[in-house]
Every structure is written in C-alpha cells, then in structure tokens.
Amino acid sequence: MDSGKEAAANVGASARAGMEKTRAAVQGQVDKAAAYTTGHKEAAEINKEAAKVKMQQRVHAAEEEKQRAMRENAAAKEHASGAGKEEEDHHDGHRPESGHGGE
C-alpha cells in the first residue's frame with residue numbers, strides 16, 4: 001500500500017469514526033430528553049447519567065475502531081513496501097538472466 005492509499009484509507013476511517021461519534025452524541029441527547037419524560041426526578045437523573053455513559057462508550061469505541069484501522073493501514077503499507085524490498089534483495093538488485101545460460 002503506498003502513502004496515497006494509506007492516507008485515503010485513514011481519511012475514510014476518520015470519517016467513519018466522526019459519523020459514529022456524531023450518532024452517539026445525538027442519541028445521547030435523545031436519551032437525555034427521554035429521561036425527563038418519566039416524571040420522576042430521581043429516575044430522570046439516573047437515566048440521564050446512563051445516557052451519558054452510553055454515549056461516552058460509543059464515542060470511545062468509535063475512536064478505538066479508527067485507531068485500529070489506521071494501524072492496519074500502516075501495517076499494510078509496511079508489508080507492501082517490505083515485499084518490494086525483499087524481492088530486490090533476493091535478486092541482489094540485478095535482473096535474472098534471460099535463460100541463455102549467460103552465454
């Protein structure tokens with residue numbers, strides 16, 4: 001994987017994580033609003049706190065997924081660049097003979 005492909009894959013991972021974080025934030029707001037419809041102040045506070053924790057967990061999971069994807073992209077790039085290097089080392093930088101026995 002070359003640098004351009006890795007960068008594009010990383011942008012994609014960041015975009016997916018950003019969308020998931022936004023979804024988590026919106027869902028957290030919905031959950032908080034729903035917490036107040038119960039009519040019981042104590043229950044509303046507990047539900048509000050639960051919604052906050054759930055949102056934080058989703059945001060954290062999205063960030064971890066993004067970091068995992070970026071590590072995989074870097075590993076794929078490293079593997080691709082290492083494979084080219086190994087082939088060059090195998091041939092000592094020279095092309096193999098054309099099959100004429102060198103004569």
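Of the 103 residues of the protein, 13% count as buried. Buried means under 20% relative accessible area, exposed means over 50%, and partly exposed lies in between (1.4 Å probe, protein chains only). The model is predicted: local features need pLDDT of at least 70, side-chain atom pairs count only at pLDDT 80 or more, and totals for chains, interfaces and linings use all residues. Residues are numbered from 1 along each chain as its sequence is written, and side-chain values use heavy atoms, with hydrogens and water left out.

**Overall build**

The protein has 2 helices and 0 strands. Both kinds of element are DSSP runs numbered from the N terminus: helices are H or I with at least four residues, strands are E with at least two. Helix H1 covers residues 3-35, and helix H2 covers residues 41-90. A contact means heavy atoms within 4.5 Å. Among contacts between residues at least 6 apart in sequence, 69% join residues at least 24 apart. The protein exposes about 7,800 Å², and carbon and sulfur atoms supply 55% of that area. Accessible areas come from the Shrake-Rupley method with a 1.4 Å probe; for residues, only the protein chains shown count as cover.

**Salt bridges**

Side chains of opposite charge can pair when their charged atoms come close. Here a salt bridge is a side-chain nitrogen of Lys or Arg within 4 Å of a carboxyl oxygen of Asp or Glu. By this rule the protein has 7 salt bridges.

Which parts of the chain does the pair Glu-6 and Lys-77 link? Glu-6 sits in helix H1 and Lys-77 in helix H2, distant parts of the chain 71 residues apart. Glu-6 is buried, at 13% relative accessible area. Lys-77 is partly exposed, at 28%.

Glu-20 and Arg-23 both lie in helix H1. They are 3 residues apart, about one turn of the helix. Glu-20 is partly exposed at 24% relative accessibility. Arg-23 is also partly exposed, at 45%.

Glu-63 and Lys-66 belong to helix H2. About one helical turn separates them, because they are 3 residues apart in that helix.
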